[in-house]
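Me: Could you help me see how the words used for a protein structure follow from their definitions? I would like to go through it piece by piece.

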Amino acid sequence: MRIDQELLEVILSIKNKDELEIFFEEILTPAELSDLSLRWKLLKDLHAGITQRKIAEKYGISLCKITRGSKVLKKNGSIALKVLDSMN
């Protein structure tokens, strides 16, 4: 399933960080927000060179979930990698 294009436009239109946080809290469950935040944290940790096993221990998650993140960062043209590289 592709992400709804209108939803992407709405997200792009919200320029205030506090409003964006509220918007996400309004449309996502606490579990979905937690999962989204966790995925971002594990991507940052992988990018920083932390081993998959240490990340699994740190967050109490499976290596499967971390491997998916690793594949994202290795993918040719990865936007997540581009964003992480620009943060350094």
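Me: Which helix supplies the largest share of the lining of the largest pocket?

Reply: Helix 2 does, with five residues. First, a note on the model: it is predicted, so local features need pLDDT of at least 70 and side-chain atom pairs pLDDT 80 or more, while totals for chains, interfaces and linings use all residues. Residues are numbered from 1 along each chain, and side-chain values use heavy atoms, leaving out hydrogens and water.

Me: What makes a residue nonpolar, polar or charged in the lining of the largest pocket?

Reply: Ala, Val, Leu, Ile, Met, Phe, Trp, Tyr, Cys and Pro count as nonpolar, Asp, Glu, Lys and Arg as charged, and the others, Gly among them, as polar. The lining includes Ile 11, Phe 24, Lys 17 and Glu 21. By class, that lining has five nonpolar, no polar and three charged residues.

Me: Why are helix 4 and helix 5 called oblique to each other?

Reply: Helix 4 (residues 52–59) and helix 5 (residues 63–74) pack at an angle of about 125°. Angles under 35 degrees count as roughly parallel, over 145 as roughly antiparallel, 65 to 115 as roughly perpendicular and the rest as oblique. Helix 4 and helix 5 are therefore oblique.

Me: Which residues of helix 4 and helix 5 meet?

Reply: Contact means heavy atoms within 4.5 Å. Gln 52, Arg 53, Ile 55 and Ala 56 of helix 4 meet Leu 63, Ile 66, Thr 67 and Ser 70 of helix 5. These contact residues divide into four nonpolar, three polar and one charged.

Note on methods: Axes fitted to C-alpha atoms, helices over the stretch in contact; angles between N-to-C directions. Helix = DSSP H or I, 4+ residues; strand = E, 2+ residues; numbered from the N terminus. 1 Å grid on protein atoms, 1.4 Å probe; cavity = no way out; pocket = protein on both sides within 12 Å on 5 of 7 lines; lining within 4 Å.
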